[in-house]
Structure formats: structure tokens, C-alpha cells
Amino acid sequence: MKDLFVQNISVKNFKLNCFHDLEEWRPMLFIPYFLLFLLSVCGNSVLVYLIISQRALHSPMFVLIGLMAVVDLCSPMLFVPHMLFSFLFDWNGISFVGCLIQMFCIHYSGTFQSTLLLAMALDRYFAICRPLFYHKYMEICNFLKFIGIPLIRNGILITTVVCLAGRLSYCANNVIDHCFCEHMALVQLACGDISINNLVGLLTAFFIPTLDFVFIAVSYIIIFITVLKSGKAHLKALNTCITHIIVITFTLFFALISFMLYRVRNDFSPSSRVFMSTMYLLFPSCFNPIIYGLRTKEIRQQFLKLIDFIHF
């Protein structure tokens, strides 16, 4: 597998030129990014602990929220520590194979998040629109089918994207204008034709986040129609749906901007593009646990119990 990646490579190491145009102001970025990273780690760790330790939170919906917290906990760890060291000590080198591994992990965690949002939408659909069949469809065997097939799809597409990037020849320029190995930021350094890479990247974006969003949108449209017809019967469950929609909106907003900035001509500075890409991974992981904690009554109650227990 390693030979497949390095067969046409002359450049074996790359430099992540993160916010280079800020020059002497770069070290100042350590503080806000470290605080966001700390918020992400603490918030998601508490959320995971609550869902694992509290029996009242062992329903499918909260298990999905817990899985989302695990993804949000892991995603920043794939690039933020390296980025923080680069701000302070200019430790910005990365090997080619290491770059491909980081690219796969970051993009796969992003698609995993999209799949979890789809699973949450299905959970709310069965809970509100098909309550009599909820336990049948959301039992562990059926749940694994719902989430397993999209995850296999994600793995195949992301692996294809990474392998195609690994087969390109990188001849001279080894400076990646990014804080991590983002697909297009690396591929743009290749010597040859990258049209296939760009096409596969677009198809991957269509078949994963875009297709997931379509299914999510259809699910919530059906849910809202059902709620309107039933009056106040499902208002409590609808509140959870609104929480999911807030999370989806933030995630898709940053993902769409990050994706388009590298594929559409624009006047954004390199630092602006890098900032939006880092926020696509870091912002949701910081604020998802806050949104779920504030808007989900059961999680909020268990968190207050934990605070009282620590206090006494």
C-alpha cells in the first residue's frame, strides 16, 4: 500500500504554511485556538461521560449524541496540537504518507459526522411519525444497518480520494497553504493534471454530505407535517428536532464555505480560507455540546446533578 502512494513522488516531505501572511502575529493565534480546543475537549468529554454513566441517557437518541461527541472530541485532535506547535515553534513539517493519513482521518471524521446527523434525523422520524415501530427499527441490529451502510460508502469514497491524491507527482513546491492536509490544498501542488481528483472530490461531496442533507431535509419535512397535523402531541419531541437542525445548520454552513473557497474564484485571502476550513472542524466540536446541553432537557438535568454531586 505504501508503494502505491510513493511510486511517482519526488517531494517526500511537506510544510504546512499555516496563516503565513500574518507573519509576526502568528504566535498570537495560539491563544484563541488553544481556548477553542480546550472548550472542545472539556465539553465533549463531559457529554460523553454523562451519556455513558447515566442510565437515563441510554436511549438511541442519546447514544447518537454521544457518538457525535466522540467524533467532535477526536476531530480537533487530528490537527490542532500540530497547529498550536507551529504557531509557537514553527513545527510545521509533515511527511507525505503522514499527510495522506491525516487527510483520510480528517475527511472521514467529517463524513462520519454527516452520517450521524442523518441517523439522528431517522431516529426522530421513527419516534414522531412511526412511534409504534420505533423500538423495532431502532434496536441495535437495525441501527447498525442504518449507520453501517453509509459508513462503508464514506470509507470507499474517502479512500478513493486519498489514493488518487497519493498517485500524483509532486515535483517542486512542497508548501501546503493550510494548517492541515486538506485535499484540494495538497492536490493543487501536483505537477500533472488534477481534473480527475477535482471530479472525484466533487462526486464525494455530492454522494456524502449533499445526499445526506437531502435525506435529512426530507425526514424533517415529514416530521413537521406530522406535528402540525397532530397538534401538541409531539411538541416535546419536536424540541429535540430543532436542536438537531441548529447543529446541522452550523455544520453545513462552515462545510459549504470551506468547500467552495477552494473551487470557486474569490477574493478571500489565504488566511481567510484557512480560517474557514479550521472553523469547519473546530467550531461544531466546540459548540455542539453546549447546544445539546442547553436545549436537551434530559442532558441538562443530568449535568446539573453532576455539578451538585461535585459541589457536595
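The model is predicted, so local features need pLDDT of at least 70 and side-chain atom pairs count only at pLDDT 80 or more, while totals for chains, interfaces and linings use all residues. Residues are numbered from 1 along each chain as its sequence is written, and side-chain values use heavy atoms, without hydrogens or water.

Helices were considered first. Helices (H or I, at least four residues) and strands (E, at least two) are DSSP runs, numbered from the N terminus. The expected span of a helix is 1.5 Å times one less than its number of residues. Helix α2 has 24 residues and should span 34 Å at 1.5 Å a residue. Its end C-alpha atoms are 34 Å apart, which agrees. Helix α11 covers residues 270–295. Its 26 residues should span 38 Å, and its end C-alpha atoms are 36 Å apart, which also agrees. Helix α11 has a kink of about 40°, centred on M279. The bend at a residue is the angle between axes fitted to the seven residues ending there and the seven starting there.

An unreviewed UniProt entry lists residues 30–52, 64–88, 94–122, 143–168, 206–228, 240–262 and 274–294 under "transmembrane region". UniProt positions are given in the numbering used here, feature names are shortened, and annotations may be inferred rather than shown by experiment. Residues 94–122 are 93% helix and 7% strand, with end C-alpha atoms 40 Å apart. Residues 206–228 are 100% helix and 0% strand, and here the end C-alpha atoms lie 31 Å apart.

Buried means under 20% relative accessible area, exposed over 50%, and partly exposed in between (1.4 Å probe, protein chains only). In α2, the buried residues include Y33, F37, S40, N44, L47 and V48. An α-helix has 3.6 residues a turn, so residues three or four places apart point the same way.

Three salt bridges were found in a search of the whole structure. A salt bridge is a side-chain nitrogen of Lys or Arg within 4 Å of a carboxyl oxygen of Asp or Glu. D212 pairs with R153, with the closest N and O atoms 3.1 Å apart. This pair links distant parts of the chain: D212 is in helix α9 (residues 195–230) and R153 is in helix α7 (residues 140–166), 59 residues apart. D212 is buried, with a relative accessible area of 0%. R124 pairs with D123 at 2.8 Å between the closest N and O atoms. Both R124 and D123 are buried.

D90 forms a salt bridge with R26, the closest N and O atoms being 3.3 Å apart. Here, too, distant parts of the chain are linked, 64 residues apart: D90 lies in the loop between α4 (80–89) and β2 (93–95), and R26 in the loop between β1 and α2. D90 is partly exposed at 48% relative accessible area, whereas R26 is buried at 9%.

D90 also has a positive phi of about 60°, although it is not a glycine. F19 has a positive phi as well, near 55°. F19 sits in the loop between β1 and α2 and is buried, at 4% relative accessibility. Most residues other than glycine have a negative phi.

W25 is placed in the loop between β1 (13–16) and α2 (30–53). W25 is exposed, with a relative accessible area of 57%. L22, W25, M28, I31, F34, L35 and L38 make a nonpolar surface patch of about 690 Å². Patches are made of residues with over 30% relative accessible area and no salt bridge; like charges are joined within 9 Å, and nonpolar side chains (Val, Leu, Ile, Met, Phe, Trp, Tyr) within 5 Å. Accessible areas come from the Shrake-Rupley method with a 1.4 Å probe, and for residues only the protein chains shown count as cover.
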